[in-house]
Amino acid sequence: MSTSTDTSTSALPLSLRARRARNARRRATLWHAIGLLIVFLSSVFPFYWMVTTSLKSQADALAVPPVWFFTPTIAHYTDALFEHDVAQSLLNSLIVASSATFLSILLGTPAAYALARFEFRGKEDLWFWFISNRMVSPVVLAVPFFLIATKLDLVDTHIVLILLYLTFSLPIVVWICTDQFRNIPVELDEAARLDGASPWRVFWRINLPLAMPGIVVSAIFAFIFSWNDLLYALVLTRTDAITSPVAATSYMSGYELPWGEIMATGTLIVLPMVVFALAVSGRLVQGLTMGAVK
Amino acid sequence: MLKSTVPPATGAARAPRRARFRFMPRSPAFWFLFPAVAALAIIGIYPLLLALYNSFHRYKLADLAGGTPFVGLDNYTATLADPSFWGALGRTVLFLCMTLPIEIALGLFAALMLHRTALPWLRVAARVGLVIPMATTYAVVGLIGRLIFNRQFGVVNYLLSFFGIPPLDWLADPTLAVISVMIMDIWQWTPFCALILLAGLAMVPKEAEEAARLETPKWSKILWHLQRPYLLPGLTAILILRSADMLKMFDAVFTMTRGGPGTATEFISIYIQRVAFRLFDQGMASAQAILLLILTIMLSRLYIRFVYREAV
(Lines give C-alpha, C1' and ligand atoms only; values in the text may rest on other atoms or scores of the structure.)
Protein backbone atom coordinates (compact mmCIF):
# COMPACT_ATOMS: atom_id res chain seq x y z
CA MET A 1 0.00 0.00 0.00
CA SER A 2 1.55 3.33 -1.08
CA THR A 3 1.53 6.23 1.33
CA SER A 4 0.74 8.74 -1.44
CA THR A 5 -2.93 7.74 -1.41
CA ASP A 6 -3.05 8.51 2.30
CA THR A 7 -2.01 12.13 1.84
CA SER A 8 -3.96 12.97 -1.31
CA THR A 9 -7.50 13.70 -0.23
CA SER A 10 -8.52 15.13 -3.60
CA ALA A 11 -11.56 13.52 -5.13
CA LEU A 12 -9.75 12.36 -8.24
CA PRO A 13 -11.55 9.31 -9.60
CA LEU A 14 -8.37 7.26 -9.68
CA SER A 15 -7.30 7.84 -6.07
CA LEU A 16 -10.90 7.46 -4.94
CA ARG A 17 -11.02 4.06 -6.51
CA ALA A 18 -7.70 3.16 -4.93
CA ARG A 19 -8.95 4.23 -1.53
CA ARG A 20 -12.14 2.24 -1.93
CA ALA A 21 -10.15 -0.81 -2.85
CA ARG A 22 -7.90 -0.26 0.16
CA ASN A 23 -10.90 0.11 2.46
CA ALA A 24 -12.45 -3.01 1.04
CA ARG A 25 -9.23 -4.90 1.65
CA ARG A 26 -9.06 -3.60 5.20
CA ARG A 27 -12.65 -4.66 5.83
CA ALA A 28 -11.89 -8.10 4.42
CA THR A 29 -8.86 -8.40 6.70
CA LEU A 30 -10.95 -7.34 9.67
CA TRP A 31 -13.59 -9.98 8.90
CA HIS A 32 -10.86 -12.52 8.37
CA ALA A 33 -9.39 -11.69 11.79
CA ILE A 34 -12.80 -11.92 13.45
CA GLY A 35 -13.47 -15.23 11.73
CA LEU A 36 -10.15 -16.69 12.85
CA LEU A 37 -10.73 -15.40 16.37
CA ILE A 38 -14.14 -17.12 16.46
CA VAL A 39 -12.56 -20.36 15.26
CA PHE A 40 -9.87 -20.11 17.92
CA LEU A 41 -12.13 -19.13 20.83
CA SER A 42 -14.85 -21.67 20.13
CA SER A 43 -12.28 -24.48 19.82
CA VAL A 44 -10.44 -23.58 22.96
CA PHE A 45 -13.22 -22.39 25.28
CA PRO A 46 -14.62 -25.70 26.62
CA PHE A 47 -11.07 -26.94 27.19
CA TYR A 48 -10.16 -23.68 28.90
CA TRP A 49 -13.25 -23.96 31.08
CA MET A 50 -12.30 -27.49 32.13
CA VAL A 51 -8.76 -26.45 33.09
CA THR A 52 -9.84 -23.36 35.01
CA THR A 53 -12.60 -25.25 36.84
CA SER A 54 -10.03 -27.80 37.95
CA LEU A 55 -8.02 -24.98 39.51
CA LYS A 56 -10.96 -23.32 41.28
CA SER A 57 -12.07 -23.99 44.83
CA GLN A 58 -15.45 -25.76 45.03
CA ALA A 59 -17.12 -22.45 45.98
CA ASP A 60 -15.61 -20.71 42.94
CA ALA A 61 -16.48 -23.63 40.66
CA LEU A 62 -20.16 -23.50 41.64
CA ALA A 63 -20.39 -19.71 41.80
CA VAL A 64 -23.30 -17.98 40.08
CA PRO A 65 -22.49 -16.02 37.96
CA PRO A 66 -19.28 -17.87 37.00
CA VAL A 67 -16.01 -16.38 38.24
CA TRP A 68 -13.42 -15.52 35.61
CA PHE A 69 -10.65 -14.43 37.98
CA PHE A 70 -9.84 -16.52 41.04
CA THR A 71 -7.00 -17.74 43.23
CA PRO A 72 -5.89 -21.04 41.73
CA THR A 73 -5.51 -24.13 43.90
CA ILE A 74 -4.05 -27.52 43.09
CA ALA A 75 -5.95 -29.23 45.90
CA HIS A 76 -8.27 -30.99 43.44
CA TYR A 77 -5.30 -32.54 41.68
CA THR A 78 -3.82 -34.03 44.84
CA ASP A 79 -7.28 -35.19 45.99
CA ALA A 80 -8.06 -36.80 42.66
CA LEU A 81 -4.66 -38.41 42.24
CA PHE A 82 -4.22 -39.87 45.70
CA GLU A 83 -7.63 -40.05 47.36
CA HIS A 84 -9.71 -41.03 44.37
CA ASP A 85 -6.80 -43.19 43.12
CA VAL A 86 -6.64 -41.55 39.71
CA ALA A 87 -2.87 -42.07 39.90
CA GLN A 88 -3.36 -45.84 39.69
CA SER A 89 -5.80 -45.51 36.81
CA LEU A 90 -3.41 -43.23 34.91
CA LEU A 91 -0.71 -45.83 35.42
CA ASN A 92 -3.08 -48.53 34.13
CA SER A 93 -3.88 -46.40 31.10
CA LEU A 94 -0.18 -45.89 30.47
CA ILE A 95 0.60 -49.61 30.74
CA VAL A 96 -2.30 -50.65 28.53
CA ALA A 97 -1.88 -47.97 25.87
CA SER A 98 1.88 -48.31 25.56
CA SER A 99 1.74 -52.11 25.43
CA ALA A 100 -0.94 -51.98 22.73
CA THR A 101 1.14 -49.43 20.83
CA PHE A 102 4.32 -51.49 21.11
CA LEU A 103 2.57 -54.66 19.98
CA SER A 104 0.90 -52.97 17.05
CA ILE A 105 4.25 -51.54 15.88
CA LEU A 106 5.86 -54.95 16.30
CA LEU A 107 3.17 -56.73 14.30
CA GLY A 108 2.13 -53.88 12.03
CA THR A 109 5.38 -52.63 10.50
CA PRO A 110 6.33 -55.93 8.78
CA ALA A 111 2.76 -56.23 7.48
CA ALA A 112 2.86 -52.67 6.18
CA TYR A 113 6.20 -53.38 4.50
CA ALA A 114 4.77 -56.45 2.77
CA LEU A 115 1.73 -54.47 1.59
CA ALA A 116 3.98 -51.74 0.24
CA ARG A 117 6.60 -53.93 -1.45
CA PHE A 118 5.33 -57.37 -2.43
CA GLU A 119 2.76 -58.29 -5.01
CA PHE A 120 0.46 -61.16 -4.16
CA ARG A 121 -3.03 -62.33 -4.75
CA GLY A 122 -5.71 -60.95 -2.48
CA LYS A 123 -3.59 -57.97 -1.48
CA GLU A 124 -6.40 -55.51 -2.05
CA ASP A 125 -8.84 -57.57 -0.01
CA LEU A 126 -6.36 -57.77 2.83
CA TRP A 127 -5.80 -54.04 2.72
CA PHE A 128 -9.56 -53.37 2.78
CA TRP A 129 -10.02 -55.77 5.64
CA PHE A 130 -7.48 -53.79 7.67
CA ILE A 131 -9.39 -50.60 6.82
CA SER A 132 -12.78 -52.07 7.73
CA ASN A 133 -11.60 -52.66 11.27
CA ARG A 134 -11.57 -48.91 11.88
CA MET A 135 -15.30 -48.73 11.26
CA VAL A 136 -16.42 -51.54 13.55
CA SER A 137 -18.34 -50.22 16.51
CA PRO A 138 -16.64 -51.12 19.82
CA VAL A 139 -19.92 -52.38 21.22
CA VAL A 140 -20.00 -55.10 18.54
CA LEU A 141 -16.74 -56.56 19.86
CA ALA A 142 -17.37 -55.73 23.51
CA VAL A 143 -20.38 -58.06 23.74
CA PRO A 144 -18.62 -61.31 22.70
CA PHE A 145 -15.29 -60.26 24.22
CA PHE A 146 -16.92 -59.93 27.61
CA LEU A 147 -17.96 -63.59 27.44
CA ILE A 148 -14.52 -64.71 26.25
CA ALA A 149 -12.81 -62.72 28.99
CA THR A 150 -15.16 -64.13 31.63
CA LYS A 151 -14.49 -67.67 30.45
CA LEU A 152 -10.72 -67.18 30.41
CA ASP A 153 -10.82 -65.30 33.71
CA LEU A 154 -9.31 -62.22 32.09
CA VAL A 155 -11.84 -59.64 33.30
CA ASP A 156 -10.15 -56.75 35.09
CA THR A 157 -6.69 -57.49 33.66
CA HIS A 158 -4.43 -55.38 31.48
CA ILE A 159 -4.03 -58.16 28.92
CA VAL A 160 -7.64 -58.18 27.77
CA LEU A 161 -7.61 -54.44 27.12
CA ILE A 162 -4.26 -54.61 25.32
CA LEU A 163 -5.66 -57.29 23.00
CA LEU A 164 -8.85 -55.35 22.33
CA TYR A 165 -6.98 -52.13 21.63
CA LEU A 166 -4.99 -53.96 18.97
CA THR A 167 -8.20 -54.13 16.91
CA PHE A 168 -7.89 -50.43 16.14
CA SER A 169 -4.22 -49.64 16.83
CA LEU A 170 -2.89 -52.35 14.52
CA PRO A 171 -4.88 -51.16 11.47
CA ILE A 172 -3.81 -47.56 12.00
CA VAL A 173 -0.13 -48.58 12.15
CA VAL A 174 -0.57 -50.63 8.98
CA TRP A 175 -2.21 -47.78 7.03
CA ILE A 176 0.24 -45.08 7.96
CA CYS A 177 3.35 -47.25 7.65
CA THR A 178 2.32 -48.73 4.29
CA ASP A 179 2.23 -45.19 3.00
CA GLN A 180 5.60 -44.48 4.54
CA PHE A 181 7.28 -47.58 3.05
CA ARG A 182 5.87 -46.77 -0.38
CA ASN A 183 7.77 -43.47 -0.27
CA ILE A 184 11.12 -45.20 0.21
CA PRO A 185 12.76 -45.76 -3.20
CA VAL A 186 12.52 -49.43 -4.14
CA GLU A 187 16.01 -49.16 -5.72
CA LEU A 188 17.51 -49.27 -2.24
CA ASP A 189 15.89 -52.67 -1.68
CA GLU A 190 17.05 -53.95 -5.03
CA ALA A 191 20.64 -52.85 -4.46
CA ALA A 192 20.71 -54.55 -1.06
CA ARG A 193 19.19 -57.73 -2.47
CA LEU A 194 21.89 -57.81 -5.17
CA ASP A 195 24.47 -57.63 -2.39
CA GLY A 196 22.93 -60.76 -0.95
CA ALA A 197 20.86 -59.38 1.90
CA SER A 198 17.81 -61.41 2.94
CA PRO A 199 14.34 -59.83 2.67
CA TRP A 200 14.19 -59.61 6.43
CA ARG A 201 17.55 -57.86 6.59
CA VAL A 202 16.49 -55.42 3.86
CA PHE A 203 13.42 -54.61 5.92
CA TRP A 204 15.18 -54.40 9.26
CA ARG A 205 18.40 -52.59 8.32
CA ILE A 206 17.29 -50.34 5.46
CA ASN A 207 13.56 -49.73 5.43
CA LEU A 208 12.77 -49.60 9.10
CA PRO A 209 15.24 -46.80 9.93
CA LEU A 210 14.14 -44.80 6.89
CA ALA A 211 10.47 -45.20 7.80
CA MET A 212 11.00 -44.05 11.38
CA PRO A 213 9.11 -40.73 11.01
CA GLY A 214 5.99 -42.54 9.84
CA ILE A 215 6.36 -45.21 12.49
CA VAL A 216 6.56 -42.60 15.23
CA VAL A 217 3.45 -40.85 13.91
CA SER A 218 1.54 -44.12 13.76
CA ALA A 219 2.70 -45.01 17.28
CA ILE A 220 1.36 -41.70 18.56
CA PHE A 221 -1.99 -42.36 16.88
CA ALA A 222 -2.16 -45.87 18.28
CA PHE A 223 -1.39 -44.51 21.72
CA ILE A 224 -3.99 -41.72 21.55
CA PHE A 225 -6.76 -44.07 20.42
CA SER A 226 -5.92 -46.64 23.09
CA TRP A 227 -5.69 -44.02 25.79
CA ASN A 228 -9.04 -42.50 24.84
CA ASP A 229 -11.16 -45.67 24.96
CA LEU A 230 -13.97 -45.79 27.50
CA LEU A 231 -16.40 -48.51 26.38
CA TYR A 232 -14.05 -51.52 26.43
CA ALA A 233 -12.53 -50.51 29.75
CA LEU A 234 -15.95 -49.86 31.25
CA VAL A 235 -17.17 -53.32 30.30
CA LEU A 236 -14.01 -55.30 30.99
CA THR A 237 -12.49 -53.76 34.12
CA ARG A 238 -13.76 -53.63 37.68
CA THR A 239 -11.22 -52.27 40.18
CA ASP A 240 -7.60 -53.31 39.57
CA ALA A 241 -7.22 -52.50 35.89
CA ILE A 242 -9.55 -49.52 35.50
CA THR A 243 -8.22 -46.94 33.07
CA SER A 244 -8.36 -43.20 33.62
CA PRO A 245 -11.49 -42.49 31.50
CA VAL A 246 -13.37 -45.04 33.63
CA ALA A 247 -12.02 -43.39 36.79
CA ALA A 248 -13.26 -40.04 35.47
CA THR A 249 -16.80 -41.37 35.05
CA SER A 250 -16.84 -43.02 38.48
CA TYR A 251 -17.44 -39.65 40.18
CA MET A 252 -20.88 -39.58 38.67
CA SER A 253 -22.44 -41.84 41.27
CA GLY A 254 -22.53 -39.36 44.16
CA TYR A 255 -25.15 -36.69 44.84
CA GLU A 256 -22.99 -33.60 45.31
CA LEU A 257 -20.49 -33.82 42.49
CA PRO A 258 -16.88 -32.78 43.18
CA TRP A 259 -16.58 -30.75 39.98
CA GLY A 260 -13.06 -29.59 40.72
CA GLU A 261 -11.81 -33.14 41.07
CA ILE A 262 -13.71 -34.33 38.01
CA MET A 263 -12.20 -31.58 35.89
CA ALA A 264 -8.75 -32.16 37.40
CA THR A 265 -9.03 -35.81 36.35
CA GLY A 266 -10.21 -34.73 32.91
CA THR A 267 -7.28 -32.36 32.55
CA LEU A 268 -4.80 -35.05 33.58
CA ILE A 269 -6.27 -37.37 30.95
CA VAL A 270 -6.50 -34.86 28.12
CA LEU A 271 -3.34 -32.78 28.53
CA PRO A 272 -0.87 -35.47 27.37
CA MET A 273 -3.15 -36.22 24.41
CA VAL A 274 -3.19 -32.56 23.38
CA VAL A 275 0.62 -32.55 23.45
CA PHE A 276 0.75 -35.72 21.32
CA ALA A 277 -1.89 -34.46 18.91
CA LEU A 278 -0.02 -31.19 18.44
CA ALA A 279 3.14 -33.18 17.73
CA VAL A 280 1.39 -34.95 14.84
CA SER A 281 -1.00 -32.12 13.95
CA GLY A 282 0.28 -32.02 10.37
CA ARG A 283 -0.81 -35.61 9.89
CA LEU A 284 -3.96 -35.70 12.02
CA VAL A 285 -6.22 -35.83 9.00
CA GLN A 286 -4.22 -38.63 7.42
CA GLY A 287 -4.50 -40.66 10.60
CA LEU A 288 -8.20 -40.06 11.07
CA THR A 289 -9.15 -40.81 7.47
CA MET A 290 -6.87 -43.85 7.26
CA GLY A 291 -4.64 -42.15 4.74
CA ALA A 292 -7.40 -41.38 2.26
CA VAL A 293 -6.96 -37.62 2.69
CA LYS A 294 -3.51 -36.16 3.14
CA MET B 1 -14.08 -60.41 4.27
CA LEU B 2 -10.82 -62.29 4.28
CA LYS B 3 -11.49 -64.39 1.18
CA SER B 4 -8.38 -66.09 -0.14
CA THR B 5 -5.88 -63.86 1.57
CA VAL B 6 -4.81 -66.09 4.40
CA PRO B 7 -2.92 -69.09 3.13
CA PRO B 8 -3.34 -72.34 5.03
CA ALA B 9 -0.87 -72.76 7.81
CA THR B 10 -0.88 -76.54 7.88
CA GLY B 11 1.72 -78.45 5.92
CA ALA B 12 -0.81 -80.79 4.39
CA ALA B 13 -2.70 -78.05 2.61
CA ARG B 14 0.42 -76.27 1.50
CA ALA B 15 1.55 -78.39 -1.39
CA PRO B 16 -1.50 -78.35 -3.67
CA ARG B 17 -2.02 -74.63 -3.19
CA ARG B 18 1.52 -73.76 -4.10
CA ALA B 19 0.81 -74.36 -7.72
CA ARG B 20 -2.19 -72.05 -7.83
CA PHE B 21 -1.20 -69.04 -5.76
CA ARG B 22 1.79 -66.81 -6.07
CA PHE B 23 1.29 -65.89 -2.44
CA MET B 24 2.78 -68.90 -0.73
CA PRO B 25 3.96 -69.70 2.78
CA ARG B 26 7.47 -69.83 1.37
CA SER B 27 7.35 -66.26 0.05
CA PRO B 28 8.65 -63.55 2.39
CA ALA B 29 5.36 -61.67 2.09
CA PHE B 30 3.66 -64.44 4.02
CA TRP B 31 5.99 -64.24 6.97
CA PHE B 32 5.85 -60.46 7.02
CA LEU B 33 2.06 -60.51 7.06
CA PHE B 34 1.32 -63.60 9.10
CA PRO B 35 1.69 -62.19 12.65
CA ALA B 36 -0.53 -59.18 12.02
CA VAL B 37 -3.17 -61.11 10.11
CA ALA B 38 -3.22 -63.91 12.69
CA ALA B 39 -3.52 -61.45 15.57
CA LEU B 40 -6.34 -59.52 13.93
CA ALA B 41 -8.12 -62.72 12.99
CA ILE B 42 -8.02 -63.98 16.56
CA ILE B 43 -9.08 -60.75 18.24
CA GLY B 44 -11.20 -59.27 15.46
CA ILE B 45 -12.88 -62.18 13.70
CA TYR B 46 -13.20 -64.93 16.28
CA PRO B 47 -15.31 -62.75 18.65
CA LEU B 48 -17.54 -61.81 15.73
CA LEU B 49 -18.10 -65.48 14.94
CA LEU B 50 -18.89 -66.07 18.60
CA ALA B 51 -21.37 -63.19 18.52
CA LEU B 52 -22.95 -64.71 15.42
CA TYR B 53 -23.22 -68.06 17.21
CA ASN B 54 -24.69 -66.49 20.36
CA SER B 55 -27.20 -64.53 18.31
CA PHE B 56 -28.90 -67.82 17.43
CA HIS B 57 -29.15 -68.87 21.07
CA ARG B 58 -31.04 -67.84 24.14
CA TYR B 59 -28.27 -66.43 26.32
CA LYS B 60 -29.41 -64.48 29.38
CA LEU B 61 -26.63 -63.98 31.92
CA ALA B 62 -29.11 -63.41 34.73
CA ASP B 63 -30.94 -66.65 33.95
CA LEU B 64 -28.53 -69.36 32.82
CA ALA B 65 -30.34 -72.17 34.67
CA GLY B 66 -32.13 -73.25 31.49
CA GLY B 67 -28.84 -73.37 29.58
CA THR B 68 -28.41 -71.64 26.24
CA PRO B 69 -30.76 -73.43 23.86
CA PHE B 70 -30.74 -72.82 20.10
CA VAL B 71 -33.57 -70.49 19.20
CA GLY B 72 -33.01 -69.96 15.49
CA LEU B 73 -33.79 -66.46 14.30
CA ASP B 74 -35.83 -65.56 17.39
CA ASN B 75 -33.36 -62.93 18.59
CA TYR B 76 -33.38 -61.29 15.16
CA THR B 77 -37.14 -61.27 14.76
CA ALA B 78 -37.50 -59.97 18.32
CA THR B 79 -34.96 -57.22 17.61
CA LEU B 80 -36.60 -56.22 14.35
CA ALA B 81 -40.00 -56.11 16.08
CA ASP B 82 -38.61 -54.16 19.04
CA PRO B 83 -39.63 -50.49 18.98
CA SER B 84 -36.75 -49.52 21.29
CA PHE B 85 -34.19 -50.91 18.80
CA TRP B 86 -35.76 -48.92 15.96
CA GLY B 87 -36.08 -45.95 18.28
CA ALA B 88 -32.35 -46.04 19.06
CA LEU B 89 -31.45 -46.48 15.39
CA GLY B 90 -33.86 -43.72 14.36
CA ARG B 91 -32.44 -41.33 16.97
CA THR B 92 -28.93 -42.10 15.72
CA VAL B 93 -29.86 -41.37 12.10
CA LEU B 94 -31.76 -38.23 13.05
CA PHE B 95 -28.79 -37.07 15.14
CA LEU B 96 -26.51 -37.67 12.17
CA CYS B 97 -28.80 -35.75 9.80
CA MET B 98 -28.98 -32.77 12.15
CA THR B 99 -25.36 -32.66 13.27
CA LEU B 100 -23.36 -33.44 10.15
CA PRO B 101 -24.59 -30.53 7.97
CA ILE B 102 -23.74 -28.10 10.78
CA GLU B 103 -20.30 -29.64 11.24
CA ILE B 104 -19.61 -29.45 7.51
CA ALA B 105 -20.84 -25.86 7.22
CA LEU B 106 -18.83 -24.68 10.22
CA GLY B 107 -15.87 -26.75 9.09
CA LEU B 108 -15.99 -25.14 5.67
CA PHE B 109 -16.09 -21.72 7.32
CA ALA B 110 -13.03 -22.54 9.42
CA ALA B 111 -11.23 -24.06 6.42
CA LEU B 112 -11.84 -20.95 4.28
CA MET B 113 -10.59 -18.75 7.11
CA LEU B 114 -7.44 -20.84 7.51
CA HIS B 115 -6.86 -21.06 3.77
CA ARG B 116 -6.48 -17.28 3.34
CA THR B 117 -2.85 -16.27 3.50
CA ALA B 118 -3.03 -13.09 5.59
CA LEU B 119 -2.65 -12.83 9.39
CA PRO B 120 -0.09 -15.61 9.94
CA TRP B 121 -0.07 -15.44 13.76
CA LEU B 122 -3.80 -15.62 14.19
CA ARG B 123 -3.91 -18.42 11.64
CA VAL B 124 -1.38 -20.48 13.57
CA ALA B 125 -3.35 -19.89 16.78
CA ALA B 126 -6.59 -21.04 15.15
CA ARG B 127 -4.85 -24.08 13.64
CA VAL B 128 -3.49 -25.07 17.05
CA GLY B 129 -6.88 -24.38 18.64
CA LEU B 130 -8.55 -26.78 16.21
CA VAL B 131 -6.37 -29.64 17.41
CA ILE B 132 -7.62 -29.38 21.00
CA PRO B 133 -11.21 -30.61 20.50
CA MET B 134 -9.97 -33.50 18.36
CA ALA B 135 -7.48 -34.54 21.03
CA THR B 136 -9.94 -34.37 23.91
CA THR B 137 -10.80 -37.82 25.22
CA TYR B 138 -14.42 -38.55 24.25
CA ALA B 139 -15.40 -39.43 27.81
CA VAL B 140 -14.03 -36.10 29.00
CA VAL B 141 -16.01 -34.26 26.30
CA GLY B 142 -19.14 -35.60 27.99
CA LEU B 143 -17.92 -34.48 31.40
CA ILE B 144 -17.22 -30.98 30.08
CA GLY B 145 -20.73 -31.03 28.62
CA ARG B 146 -22.20 -31.83 32.02
CA LEU B 147 -20.26 -28.96 33.53
CA ILE B 148 -21.06 -26.23 31.05
CA PHE B 149 -24.71 -27.23 30.56
CA ASN B 150 -25.44 -27.40 34.28
CA ARG B 151 -28.68 -25.62 35.09
CA GLN B 152 -27.45 -23.70 38.13
CA PHE B 153 -23.83 -22.78 37.56
CA GLY B 154 -23.29 -23.81 33.92
CA VAL B 155 -21.54 -21.23 31.79
CA VAL B 156 -23.94 -21.76 28.88
CA ASN B 157 -26.93 -20.57 30.88
CA TYR B 158 -24.83 -17.67 32.09
CA LEU B 159 -23.95 -16.61 28.54
CA LEU B 160 -27.58 -17.03 27.45
CA SER B 161 -28.71 -14.76 30.29
CA PHE B 162 -27.18 -11.83 28.40
CA PHE B 163 -29.81 -12.44 25.72
CA GLY B 164 -32.56 -12.48 28.30
CA ILE B 165 -33.01 -16.24 28.17
CA PRO B 166 -33.98 -17.74 31.54
CA PRO B 167 -31.88 -20.65 32.87
CA LEU B 168 -32.64 -23.86 30.98
CA ASP B 169 -32.43 -27.35 32.46
CA TRP B 170 -30.44 -28.67 29.51
CA LEU B 171 -29.83 -32.24 30.59
CA ALA B 172 -33.26 -32.89 32.09
CA ASP B 173 -35.34 -31.92 29.06
CA PRO B 174 -35.42 -34.53 26.26
CA THR B 175 -35.08 -32.04 23.39
CA LEU B 176 -32.51 -29.85 25.11
CA ALA B 177 -30.48 -32.91 26.10
CA VAL B 178 -30.21 -33.93 22.44
CA ILE B 179 -29.25 -30.37 21.52
CA SER B 180 -26.55 -30.23 24.18
CA VAL B 181 -25.11 -33.58 23.05
CA MET B 182 -25.21 -32.19 19.49
CA ILE B 183 -23.33 -29.08 20.54
CA MET B 184 -20.58 -31.10 22.18
CA ASP B 185 -20.35 -33.36 19.12
CA ILE B 186 -20.15 -30.31 16.87
CA TRP B 187 -17.46 -28.86 19.09
CA GLN B 188 -15.39 -32.00 18.92
CA TRP B 189 -15.80 -32.90 15.24
CA THR B 190 -16.01 -29.61 13.34
CA PRO B 191 -12.17 -29.36 13.41
CA PHE B 192 -11.98 -32.77 11.73
CA CYS B 193 -14.21 -31.53 8.90
CA ALA B 194 -12.27 -28.27 8.77
CA LEU B 195 -8.88 -29.95 8.39
CA ILE B 196 -10.12 -32.36 5.71
CA LEU B 197 -11.70 -29.52 3.73
CA LEU B 198 -8.56 -27.42 4.25
CA ALA B 199 -6.51 -30.24 2.73
CA GLY B 200 -8.89 -30.12 -0.25
CA LEU B 201 -8.50 -26.36 -0.61
CA ALA B 202 -4.72 -26.75 -0.59
CA MET B 203 -4.98 -28.97 -3.68
CA VAL B 204 -6.31 -26.11 -5.82
CA PRO B 205 -3.48 -24.91 -8.12
CA LYS B 206 -2.09 -21.60 -6.84
CA GLU B 207 -2.12 -19.92 -10.28
CA ALA B 208 -5.76 -20.83 -10.89
CA GLU B 209 -6.74 -19.41 -7.53
CA GLU B 210 -4.83 -16.16 -8.04
CA ALA B 211 -6.38 -15.75 -11.47
CA ALA B 212 -9.83 -16.33 -9.99
CA ARG B 213 -9.21 -13.75 -7.26
CA LEU B 214 -8.33 -11.14 -9.87
CA GLU B 215 -11.44 -12.09 -11.78
CA THR B 216 -13.94 -11.80 -8.92
CA PRO B 217 -13.84 -10.62 -5.32
CA LYS B 218 -16.71 -12.95 -4.36
CA TRP B 219 -15.50 -15.90 -2.29
CA SER B 220 -18.74 -17.77 -2.92
CA LYS B 221 -18.13 -17.73 -6.69
CA ILE B 222 -14.57 -18.99 -6.25
CA LEU B 223 -15.81 -21.66 -3.88
CA TRP B 224 -18.48 -22.90 -6.23
CA HIS B 225 -16.70 -22.71 -9.58
CA LEU B 226 -13.07 -23.38 -8.67
CA GLN B 227 -12.71 -25.06 -5.27
CA ARG B 228 -15.80 -27.28 -5.21
CA PRO B 229 -14.39 -30.20 -7.22
CA TYR B 230 -11.33 -30.30 -4.97
CA LEU B 231 -13.53 -30.47 -1.86
CA LEU B 232 -15.71 -33.34 -3.03
CA PRO B 233 -13.41 -36.31 -2.20
CA GLY B 234 -12.90 -34.99 1.33
CA LEU B 235 -16.63 -34.42 1.67
CA THR B 236 -17.33 -38.02 0.72
CA ALA B 237 -14.80 -39.18 3.31
CA ILE B 238 -16.45 -36.99 5.96
CA LEU B 239 -19.94 -38.29 5.14
CA ILE B 240 -19.00 -41.95 5.40
CA LEU B 241 -16.57 -41.73 8.32
CA ARG B 242 -18.87 -39.57 10.39
CA SER B 243 -21.76 -41.95 9.70
CA ALA B 244 -19.64 -44.84 10.96
CA ASP B 245 -18.60 -42.73 13.96
CA MET B 246 -22.21 -42.01 14.86
CA LEU B 247 -22.94 -45.74 14.91
CA LYS B 248 -19.99 -46.04 17.32
CA MET B 249 -20.88 -43.00 19.41
CA PHE B 250 -20.80 -44.06 23.03
CA ASP B 251 -18.26 -42.47 25.36
CA ALA B 252 -19.28 -38.81 25.30
CA VAL B 253 -23.01 -39.55 25.45
CA PHE B 254 -22.54 -42.07 28.23
CA THR B 255 -20.65 -39.65 30.45
CA MET B 256 -22.94 -36.75 29.61
CA THR B 257 -26.46 -38.17 29.80
CA ARG B 258 -26.21 -41.99 30.15
CA GLY B 259 -28.74 -42.11 27.32
CA GLY B 260 -31.28 -40.08 29.25
CA PRO B 261 -33.46 -38.38 30.17
CA GLY B 262 -35.66 -41.41 29.53
CA THR B 263 -34.33 -42.67 26.22
CA ALA B 264 -33.89 -39.23 24.62
CA THR B 265 -30.19 -39.68 23.89
CA GLU B 266 -30.07 -43.47 23.81
CA PHE B 267 -28.24 -43.96 20.52
CA ILE B 268 -27.63 -47.37 19.02
CA SER B 269 -24.34 -48.21 20.77
CA ILE B 270 -25.69 -47.08 24.13
CA TYR B 271 -28.81 -49.17 23.59
CA ILE B 272 -26.89 -52.35 22.70
CA GLN B 273 -24.59 -51.81 25.66
CA ARG B 274 -27.65 -51.54 27.91
CA VAL B 275 -29.18 -54.75 26.55
CA ALA B 276 -25.88 -56.62 26.97
CA PHE B 277 -24.65 -55.29 30.30
CA ARG B 278 -27.69 -53.90 32.10
CA LEU B 279 -30.36 -56.36 30.97
CA PHE B 280 -27.73 -59.13 30.60
CA ASP B 281 -29.34 -60.51 27.44
CA GLN B 282 -26.27 -61.62 25.49
CA GLY B 283 -28.24 -63.44 22.79
CA MET B 284 -30.33 -60.40 21.94
CA ALA B 285 -27.36 -58.02 22.17
CA SER B 286 -25.35 -60.30 19.88
CA ALA B 287 -28.11 -60.23 17.27
CA GLN B 288 -28.20 -56.42 17.49
CA ALA B 289 -24.41 -56.24 17.30
CA ILE B 290 -24.47 -58.38 14.14
CA LEU B 291 -27.11 -56.13 12.58
CA LEU B 292 -24.96 -53.11 13.46
CA LEU B 293 -21.93 -54.88 11.97
CA ILE B 294 -23.81 -55.41 8.70
CA LEU B 295 -24.53 -51.66 8.55
CA THR B 296 -20.87 -50.96 9.29
CA ILE B 297 -19.63 -53.32 6.56
CA MET B 298 -21.92 -51.58 4.08
CA LEU B 299 -20.47 -48.21 5.09
CA SER B 300 -16.89 -49.41 4.84
CA ARG B 301 -17.59 -50.88 1.38
CA LEU B 302 -18.89 -47.45 0.37
CA TYR B 303 -15.78 -45.82 1.80
CA ILE B 304 -13.49 -48.14 -0.12
CA ARG B 305 -15.53 -47.72 -3.29
CA PHE B 306 -15.78 -43.93 -3.27
CA VAL B 307 -12.79 -42.72 -1.27
CA TYR B 308 -10.12 -45.34 -1.86
CA ARG B 309 -10.78 -45.78 -5.57
CA GLU B 310 -7.24 -44.84 -6.51
CA ALA B 311 -5.45 -45.38 -3.23
CA VAL B 312 -4.26 -48.94 -3.74
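Domain bounds here come from an automatic or database domain assignment. On that basis chain B has domain 1 (11-55) and domain 2 (76-306).

This is a predicted model, in which local features need pLDDT of at least 70, side-chain atom pairs count only at pLDDT 80 or more, and totals for chains, interfaces and linings use all residues. Residues are numbered from 1 along each chain as its sequence is written, and chains are lettered from A and ligands numbered from 1 in the order in which they are written.

Back to chain B. The centres of its domain 1 and domain 2, taken over C-alpha atoms, are 37 Å apart. Five residues of domain 1 of chain B contact seven of domain 2 of chain B, where contact means C-beta atoms, placed from the backbone, within 7 Å. On the domain 1 side, three of the touching residues are nonpolar, two polar and none charged. Nonpolar means Ala, Val, Leu, Ile, Met, Phe, Trp, Tyr, Cys and Pro; charged means Asp, Glu, Lys and Arg; the others, Gly among them, are polar.

Now chain A. The UniProt annotation "transmembrane region", from an unreviewed entry, covers several stretches, including 29-49 and 262-285. Such annotations may be inferred rather than shown by experiment. How much of residues 29-49 of chain A is helix? That span is 100% helix and 0% strand, with its end C-alpha atoms 29 Å apart. Residues 262-285 of chain A are 83% helix and 0% strand, and their end C-alpha atoms lie 30 Å apart. Helices (H or I, at least four residues) and strands (E, at least two) are DSSP runs, numbered from the N terminus.

Key
Two residues are in contact if their C-beta atoms, placed from the backbone, lie within 7 Å.
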